[in-house]
Amino acid sequence: MLGGAAWGRLLNPVSGSLLRVLRPLLRHYRQDRRQIGLLAVVGITTAAAEAGALVALAPMLQAVAEGRDEYVGGPLGIEARFTLGELAGIAAVLVLLSFVMIGVSAAATTKVVSAHQLRRRVEVVDAFVGADWETQSQAHTGRLVAFALDFVNQSAAGLRDIALLVRSGAGLLVFVGGAVAISWAATGTIAVVTGTLWALQRPIRRTAARLSDRYARQNVELSEQLSTLESAAKELKVAGVGMSAAQPLRDLAGEQRHVRVRADFAAAIPSPMVRTAGLLVIVALIGYASTTRSLEVAALGIVVVLLYRALNYGQTLASAHTKLTVLLPLLDQLGLEESRHSSNATQRGTNTLSSSDRLRMADVHYTYPQSDLPALHGVSLTIGRNEVVGVVGPSGSGKSTIADLLVGLRAPTSGRVMIDETDIADINESNRASLVAFVPQAVTVLPGSVDDNVDFFRGIHSDDID
């Protein structure tokens, strides 16, 4: 009989590959670990009930085939005597239990996945909203939409695949364990074939992951290009260049289609490979057992059924494993995007001012990120209460930069921007907003009423809006 070390060598290609995927995945889903553990318990219970029902059915069918009203024997090496009614009752109870547990598993998975989707979407949006304007302004239009919708949806789908992988892994262990107890030789043969095949699939999974990473990056670029087309629709229409402007998007969409076809094909191959090889081995084992009479009919039936169900679980496990391997690059991008915003959160001031008499810039220098040339160099100015000041100059001379600094959207590279004698960065954000009005060049109109646009999320009562 195979010892623990031998079984370890047989299953090492499978377990090692699963661990390489699960470790980084559990870091991404660290807040869902407890729920994943509960799903594993449900999966083991479900598989155990199903396996018990199948173990009860095989001897019952043998007794019926031989014209007897009871079964005497012990495929597990334990002498037992059961009537057909007893076997049928045991099988029926276990089948019903399995059905109930499948419903529990489905409901629990749906609840866990939907909670994850809501939490991650809120986290991504909150991280973006909480980031400073310097960081927000570097994002292309459509980038937040791509991450908050598509990437988070993919993350939720990944959690569903993890739940499927956990349930399938639990089922595989239960059914393989039952088959080993009856015939270690037959199960060992299946393990050798499956482990070898799994190891040979590693290049395919790597290819699928690489293509998925490329597809995810193209998806972000497509979202940005679509948003640009939408925001510039008026200008493009007047210039008559709409079709020309859309050509890069068409080219990228066509390229993405080819990447998706290749990625989906690479992801779809491993699962049927495992199932086909396993079925061929089962057929060979049935032929061998029937020729050598090494197992009684009931034991042979139980082994075949258990191994067949184990193959189904193995096929699902392989499919979920491949999907999660493909998903990892996307989750990495999602995590990096959220981390970029979170690490550049707006610094919250604590001071409050009841009124202001002057706005002042003192020797302000400012250089945009990823630029070597200063946009402003040693700017100083003072604007008093009720004073009107106009700043004129050619495009790119720093007019918008001065406006951004005065309202606290950007922080000077050096120098100070102050309201009275208080640095603008030290003033409470809501208090500063009550002292400043800002009308940008491109005005955003919110969907809703005129009152909604005047209020602009500030909580102004409708009676106070003229």
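**Exercise 1. State which elements each supply at least two residues of the lining of the second largest pocket, then describe that lining.**

Solution. Strand E3 (358-366), strand E4 (376-384) and helix H12 (399-406) each contribute at least two lining residues. Helices (H or I, at least four residues) and strands (E, at least two) are DSSP runs, numbered from the N terminus. The model is predicted: local features need pLDDT of at least 70, side-chain atom pairs count only at pLDDT 80 or more, and totals for chains, interfaces and linings use all residues. Residues are numbered from 1 along each chain as its sequence is written, and side-chain values use heavy atoms, with hydrogens and water left out.

Next, take the share of each element. H12 gives the largest share of the lining, six residues.

Then take the pocket as a whole. On a 1 Å grid over the protein atoms alone, a pocket is an open set of points where a 1.4 Å probe fits, with protein on both sides within 12 Å along at least five of seven lines; lining residues have an atom within 4 Å of a point. The second largest pocket has 28 lining residues, and Ala 403, Leu 406, Val 407, Ala 437 and Phe 438 lie nearest its centre. Its volume is about 880 Å³, where a volume is the space filled by probe spheres set on the points, which are joined across faces, edges and corners.

Last, sort the lining by type. It holds 18 nonpolar, four polar and six charged residues (nonpolar: Ala, Val, Leu, Ile, Met, Phe, Trp, Tyr, Cys and Pro; charged: Asp, Glu, Lys and Arg; polar: the others, Gly among them).

**Exercise 2. List the buried residues of H12 and the elements against which they pack.**

Solution. Buried means under 20% relative accessible area, exposed over 50%, and partly exposed in between (1.4 Å probe, protein chains only). In H12 the buried residues are Thr 401, Ile 402, Asp 404, Leu 405 and Leu 406. They pack against helix H4 (133-136), E3, E4 and strand E5 (414-419), a contact being heavy atoms within 4.5 Å. Just after H12, Gly 408 has a positive phi of about 85 degrees.

Pro 440 belongs to the loop between helix H13 (429-435) and helix H14 (450-455). The C-alpha atoms of Pro 440 and Ala 403 are 9.3 Å apart, although 37 residues separate them along the chain. With a relative accessible area of 34%, Pro 440 is partly exposed.
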